[in-house]
Amino acid sequence: MLDIGVTNMIPEFQHITGYIYPNEFELHWGTLIVVYPYITGLVAGAFILASLERVFNVKVLQPVYRLSLLAALAFLLVAPLPLIIHLGRPERAFEMFLTPSTKSAMAMFGFVYAWYLMVVLLLEIWFDYRKEIVIWSQEKEGLSKYIYKILTLGATDISEPSLNFDAKIGKVITIIGIPSAFLLHGYVGFIFGAVKANPWWSSVLMPIVFLFSAMVSGIALVFLIYMVTSMFRRKEMDMDCLNKLAELLLYAMIIDFSLELLDFTHRLYESEESIKILAELIYSRLFISLIVSQIIIGSLVPMISITWARFFKLPDEMRRMVYFITAILVQVGIFSTRWNVVIGGQLFSKSLRGLTVYKLQLLGIEGLLMAAFLLILPLVILYILCKVLPPWVENEGEFQTSEIET
Amino acid sequence: MKKNSFQLYRRDFLKSCYKALSFAGIFYLSFQPEKLLFSRENSQYDPTKHWYGMGIDIHKCIGCGRCADACKKENDVPREPIYFRTWIERYVVPIEGETYVDSPNGGIDGFPEFKGDIDILKTYFVPKICNQCAKPPCVQVCPVGATFLSQDGVVLVDEKWCIGCRYCIQACPYGARYLHPVKKVADKCTFCYHRIVKGLLPACVEVCPTQARIFGEVGLQSSPLRRFVRFNDIIVTKQYLNTEPKVYYAGADMEVR
Amino acid sequence: MKSFDWKNIKLNPKIPRQIISLAIIFAIAIAAFVIGRMLFVPRSFGKYGHYRGNALDEIASQKINYAGYQVCTNCHSNIYNSLTKSNHKGVSCETCHGPAAKHTGSPGEYKPIVPREREHCQLCHAFNPSRPTGFPQIIAETHNPGKACMACHEPHNPLVPQVISECSACHRTIANQKRVSHHASLSCEQCHKVTEKHLTNPKLEKAGKPVERAFCGQCHAKDADSLKEIRRIDLSTHGGRYLCWECHYPHYPEAKR
C-alpha cells in the first residue's frame with residue numbers, strides 16, 4: 001500500500017509494517033548505546049562482588065577480590081567511549097560538566113562517573129595495593145621504578161598502624177562504593193525507565209532490573225576472567241571460590257528472572273493500550289533476541305545448568321566446564337537483554353501502529369566491529385593492569401614478581 | 001643525549017599547550033555575540049507578553065500537503081522523507097478491523113489512491129506538528145540545556161549548544177523531533193519563531209488553502225485561536241501523558257494518536 | 001633556610017600522608033573544574049532560564065523565505081482584490097507561487113514560480129475520499145484530460161465555466177457511493193432541497209435533509225405506491241422514533257454489512 005516512489009527513495013521502507021511517524025524511521029540509539037549499559041553493568045556487578053568479600057567478609061571469595069576490582073576499573077575506563085563516540089557533536093561532550101540540567105538523568109553521568117572512578121574505584125584499588133606499590137617502588141629497576149614511585153603518591157609509610165589505617169579507609173570506601181555502584185548503573189535504568197513516551201521503557205522496575213542483570217553479568221564476568229587467567233597462568237583454580245561464585249550467580253539470576261517475569265505478567269495483566277503492538281514486537285522483531293537468546297539461552301539454560309553443576313555430585317573438571325559455558329551463555333543473555341531494551345524500544349512506533357527494523361551494520365561507527373572493539377579493549381586494559389598491579393600477589397602468601405618489560 | 005631529549009620533550013609539551021589554548025580560545029570566542037539580524041534588545045518584541053498555540057481543524061484539512069512543503073522550504077529542512085517538522089497523516093477507518101494510517105513523504109506530494117479491498121467507514125487527514133507542550137518532556141531530559149521552553153511558549157533548540165545525544169528525540173511522545181543529518185543536532189518545529197516575533201505567521205499557517213491551521217495566542221481574549229477553542233470540541237493528543245500540548249485539534253476522531 | 005624534606009612532609013602529625021596526598025590531588029581537580037566552569041560557560045547562559053540567552057536572537061535571525069500574502073498586495077493589489085471575492089479567497093499567494101521573499105526583496109531579479117501544469121491543481125482538487133465532503137473535486141483522468149486547468153479556470157477567480165449542475169462536483173464521495181447503491185436511480189434533489197444560494201455559498205445555506213419518517217415511507221412503507229422490488233417495512237413498528245437516516249445510510253443503504 002506504500003507509494004512506490006517513496007519506497008524507491010529509501011528502500012528500507014519496505015521493511016516497515018504498519019505505520020510509523022515519519023521521523024521514527026531513523027533509529028537513534030544503536031549498538032553503541034547497547035554496549036554502554038552492558039559495560040557499566042559489568043563494572044557495577046564486578047565491584048559489588050568484590051565488596052561482598054570486603055564488607056560482608058565472604059572469605060572464600062578472596063582469590064577473586066583484586067581481580068574483580070581491576071576488571072571493574074578496566075571496564076570503567078572504557079565506559080565513556082561509546083557515549084562520546086555516539087554523540088552527534090562529541091566535541092561538545094564536556095558541556096555536561098558546564099551546564100548540567102538538574103532535571104535530566106543523563107546529565108548526572110559526568111559527575112557519577114567521575115565520583116565513582118576517582119572516589120570509589122581508584123581509591124579502593126590504591127589503598128588495597130599501597131603496600132605492594134611501596135615495596136615495588138623500592139625493589140624494581142628502571143622505568144617501572146618510576147611508575148611505582150609516582151603511584152605511591154609520596155605515602156611510603158608501610159608500618160603496621162599505617163596499614164591498619166589503609167584497611168579502615170578501604171572498608172569505608174567500599175561501604176560508600178556499594179550505593180555508588182548502584183547509582184552508576186541504576187541511573188542508566190532510570191534514563192530509560194523515566195521516559196513516559198515509550199511504553200516499553202517506562203516502568204518503575206527498569207532501574208532494578210538493570211541492576212540485577214548487571215550483578216548477573218558482573219559475577220559471570222569475574223567467573224570467566226578468573227578461569228581464563230588461571231588457565232593461562234597454569235594455576236589451580238580454587239573450587240570453593242568457584243562454587244561460591246556459582247551460588248551467587250544463581251541467586252542473582254533467580255532474582256533477575258523473577259523481576260523480568262513480574263514485569264511481563266504485570267504488562268499482560270493490565271493490558272494497556274500498547275499491549276498489542278508490544279506483543280507483535282516480541283513475536284515478530286524480537287523473537288530471536290528475546291525468547292531464544294535472552295530467556296532460553298541467557299536465563300533458563302544457565303539457571304538449570306548451574307543448579308545441576310553446583311548442587312549435584314559432579315567431578316570438578318565437569319563442574320568447571322559447565323561453569324565456564326554457563327558464564328558465556330549468561331554474557332550472551334545479558335547482552336541480549338540490553339539489546340532488547342535499547343533497540344526493542346525503538347522498533348515500534350509511538351503511534352502504536354507499526355514496526356520498523358534496525359539495520360545492523362558491520363563497519364561504521366555503530367557497527368558490530370566497533371562494538372567488538374569496545375568490548376575487547378577493556379580486556380586489553382585489564383591485561384596491562386594485571387601486569388602493573390598483579391592481583392594474584394596474595395595467593396598462598398607467595399610474592400610473585402611481575403614480568404614487566406622495561 | 002639527555003639534554004636533547006629534554007629539549008624535544010619541552011618543545012612538544014609547549015606545542016600541545018599552544019594547541020590546547022588555541023582550541024579553548026576558539027571555543028570561548030565562538031560564543032561571543034555576533035552581528036545578528038534580530039536582536040531582542042533592539043526590537044519592540046517582548047516575549048513575556050505572548051504565549052503561542054495552534055489550532056488544527058480536521059474537518060477543513062484537504063491533505064494537499066502545502067503546509068509540509070512550505071515548512072521544508074522556509075526552514076531548509078532536508079528533503080528526504082525521514083525528516084519532518086510537520087507532516088500530514090491519512091486515516092482510513094474500516095467498518096471492521098484495524099485502522100490504516102499512512103503518510104507518504106509526509107503528505108508533501110499528496111496522497112496516492114488508497115488501494116485496499118475493505119469497506120471504509122470514514123477517512124480523513126490529520127496534520128501533525130510539534131505540540132509545543134507547556135510541560136515538555138523533551139526539555140526535561142536535555143542534559144545540557146540545549147532545548148528549552150521560551151518565555152513566549154515555544155520549545156526551541158539551541159543548535160550551537162546541542163551535543164546530539166538524542167535523548168529529547170526519544171522522550172518526545174509525538175515523534176516531532178529528528179536529528180539534522182548535516183548539523184548533527186536535534187531539530188524540530190519552531191512555530192517559525194523567526195517569523196512570529198516579527199508579526200508574521202508560521203509558513204504552514206500562511207499557505208494552508210482552507211485555513212485548517214489557526215495560529216494565535218492561548219491567553220488572548222479576542223483572537224481566532226480563542227474563538228476556535230471556544231466554538232469547537234477540542235482534544236489534544238496523548239493527553240494522559242500530561243505534557244499539556246498547545247496544539248488543539250477540532251474534529252479529531254478517537255483513532256488519532 | 002632548611003632544605004624542604006619532601007619525603008616526610010607532615011603538616012599535622014595526626015593526618016596520615018595518604019590523606020594529604022589525596023587531598024592535594026582532589027583540590028587540584030576541583031580547582032580545575034571550577035576554573036573551567038568560570039571560563040567556558042557562555043555568559044548569556046541562565047539569563048532567561050536554563051539555556052543560552054543569545055540562542056533566542058540567533059534563532060530569530062533565521063532567513064525568511066515566505067514573504068506572507070500581505071506583502072504581495074503592495075504591488076499586486078488588483079489580483080488580490082479579485083482573489084478575495086472568489087472561491088480561492090482563503091488561498092494565500094505563496095500557496096501556489098511558492099516562497100517569494102526573494103522576489104519581494106528584488107522583484108526584477110527573482111520571479112516566483114507560476115505553476116501551470118495540471119498536477120499542481122490536482123494537489124487540492126483531484127478526487128480523494130479522505131478530503132472533507134463539500135470540497136470541490138474532479139476525477140483528473142476524465143475531466144478534460146490533457147487540457148490545462150487554466151484554460152477554463154482563472155486561478156485568481158476560479159468560477160466554473162458553467163453553473164454546477166451536478167452535486168458530485170463537491171460531493172464526489174457521496175455520488176460515487178450512491179452510484180453503486182440501491183438508490184442509484186434517485187437524484188440528489190429527490191431527497192435534498194437545494195437552493196440557488198447553496199450553489200454559490202454552500203457553507204452558509206446548507207441543503208436540507210428529510211425530517212419525517214413518512215418521507216422514506218413514500219417508497220418503503222407497506223402500503224406505498226412504488227415498485228414491487230423495493231423493500232417494505234411497517235412504519236409504525238420499525239425503528240421506534242428514529243428518523244430513517246439515523247440508522248440507515250441513504251447514499252449506500254443496506255450495504256454488505
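K135(B) and E244(B) form a salt bridge in this predicted model. Their closest N and O atoms are 2.6 Å apart. K135(B) sits in the loop between β4 and α3 of chain B, and E244(B) in the loop between β10 and β11, so the pair ties together parts that are 109 residues apart in sequence. K135(B) is partly exposed, at 42% relative accessible area. E244(B) is partly exposed too, at 36%.

D69(B) is buried, with a relative accessible area of 7%. R66(B) is buried as well, at 11%. D69(B) also forms a salt bridge with R79(B), at 2.7 Å. R79(B) lies in the loop between α2 and β2, so this pair links parts 10 residues apart in sequence. R79(B) is partly exposed, at 41%. Over all chains, the count comes to 28 salt bridges.

Now turn to the interface of chain A and chain C. The two chains bury about 1400 Å² between them, 76% of it on carbon and sulfur atoms. L98(A), T99(A) and L153(A) supply 37% of the area that chain A buries there, more than any other three residues. Chain A brings 19 residues to the contact and chain C brings 17. On the chain A side, α6(A) gives the largest share, 7 residues. That side divides into 13 nonpolar, 4 polar and 2 charged residues.

Methods
Residues are numbered from 1 along each chain as its sequence is written. Chains are lettered from A and ligands numbered from 1 in the order in which they are written. This is a predicted model: local features need pLDDT of at least 70, side-chain atom pairs count only at pLDDT 80 or more; totals for chains, interfaces and linings use all residues. Side-chain values use heavy atoms; hydrogens and water are left out. Contact means heavy atoms within 4.5 Å. Buried area is the accessible area (1.4 Å probe) that two parts lose on being put together, summed over both. Helices (H or I, at least four residues) and strands (E, at least two) are DSSP runs, numbered from the N terminus. Ala, Val, Leu, Ile, Met, Phe, Trp, Tyr, Cys and Pro count as nonpolar, Asp, Glu, Lys and Arg as charged, and the others, Gly among them, as polar. A salt bridge is a side-chain nitrogen of Lys or Arg within 4 Å of a carboxyl oxygen of Asp or Glu. Buried means under 20% relative accessible area, exposed over 50%, partly exposed in between (1.4 Å probe, protein chains only).
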